[in-house]
Amino acid sequence: MILDNLFKNLISDPVGFLGLLAFYILLVNLPISLGVLFKKKSSFVVTLLTILVNFLIALQLIFRWIISGHFPISNLYESLFFLTWGITLGQLLIEREYQSPIIPSIAIPIELLTVAFACFVLPDDLKLSSNLVPALRSSWLVMHVSVVMLSYAALIIGSLLSASVLFINKNE
């Protein structure tokens with residue numbers, strides 16, 4: 001019965017289903033990452049769940065692109081998920097270089113809040129994909145907005161990590 005409902009939701013609204021699935025995985029990943037932070041060890045489970053969230057959001061954006069016929073950054077719902085995808089990608093790249101449990105414990109709450117806002121706070125009419133106005137039917141939209149959103153993701157991660165250094169090293 002439950003699997004039947006999940007399958008129906010996946011078929012009827014794959015974008016919304018993948019967004020909710022990413023939210024629930026982030027919700028599970030948050031206490032794990034905070035627990036790992038207190039143990040002061042890196043965790044393979046946290047990294048694996050973050051890779052899964054990144055993959056699900058990428059799949060969601062690809063489905064949205066196929067359904068709408070244009071790059072999925074034209075409304076707030078799509079932009080928030082693209083931003084979250086960029087944050088998870090940045091988190092994974094930084095974790096690859098520095099195996100610190102602080103990185104996921106800083107990034108995952110922001111990812112969770114962004115996805116929660118997109119899934120539960122935005123009205124349904126802002127979640128719907130619509131046709132682009134003629135001024136936005138340009139390849140510059142894809143290049144400009146995607147670079148700006150990825151730079152926002154880098155800025156968010158960098159500023160949160162630098163603020164965490166101030167709190168960690170406050171006695172030095």
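Which helices each supply at least two residues of the lining of the largest cavity? They are α3 (44–68) and α4 (76–97), where helices are DSSP runs (H or I, at least four residues) numbered from the N terminus.

A quick word on the basis. This is a predicted model, so to speak of local features pLDDT must be at least 70, side-chain atom pairs count only at pLDDT 80 or more, and totals for chains, interfaces and linings use all residues. Residues are numbered from 1 along each chain as its sequence is written, and side-chain values use heavy atoms, with hydrogens and water left out.

A search of the whole structure turns up one cavity of 30 Å³ or more. On a 1 Å grid over the protein atoms alone, a cavity is a set of points where a 1.4 Å probe fits but cannot get out; a pocket is an open set with protein on both sides within 12 Å along at least five of seven lines; and lining residues have an atom within 4 Å of a point. Volumes are the space filled by probe spheres set on the points, which are joined across faces, edges and corners.

| Space | Volume | Lining by class |
|---|---|---|
| Largest cavity | about 30 Å³ | four nonpolar, one polar, two charged |
| Largest pocket | about 270 Å³ | seven nonpolar, two polar, four charged |

In that table, Ala, Val, Leu, Ile, Met, Phe, Trp, Tyr, Cys and Pro count as nonpolar, Asp, Glu, Lys and Arg as charged, and the others, Gly among them, as polar.

The cavity's lining is V15, Q60, L61, R64, Y77, E78 and F81. As for the pocket, 13 residues line it, and D13, G16, R64, Y77 and K127 sit closest to its centre. Helix α2 (14–39) gives the most to that lining, with three residues.

How do α3 and α4 meet? Their axes come within 9 Å and cross at roughly 145°, taking axes as lines fitted to C-alpha atoms over the stretch in contact and angles from 0 to 180 degrees between N-to-C directions. The contact (heavy atoms within 4.5 Å) includes Q60, L61 and R64 of α3 and Y77, E78 and F81 of α4. By class, it has eleven nonpolar, seven polar and three charged residues.

One salt bridge is counted (a side-chain nitrogen of Lys or Arg within 4 Å of a carboxyl oxygen of Asp or Glu). R64 pairs with E78, their closest N and O atoms being 2.8 Å apart. That ties helix α3 to helix α4 across 14 residues of chain.
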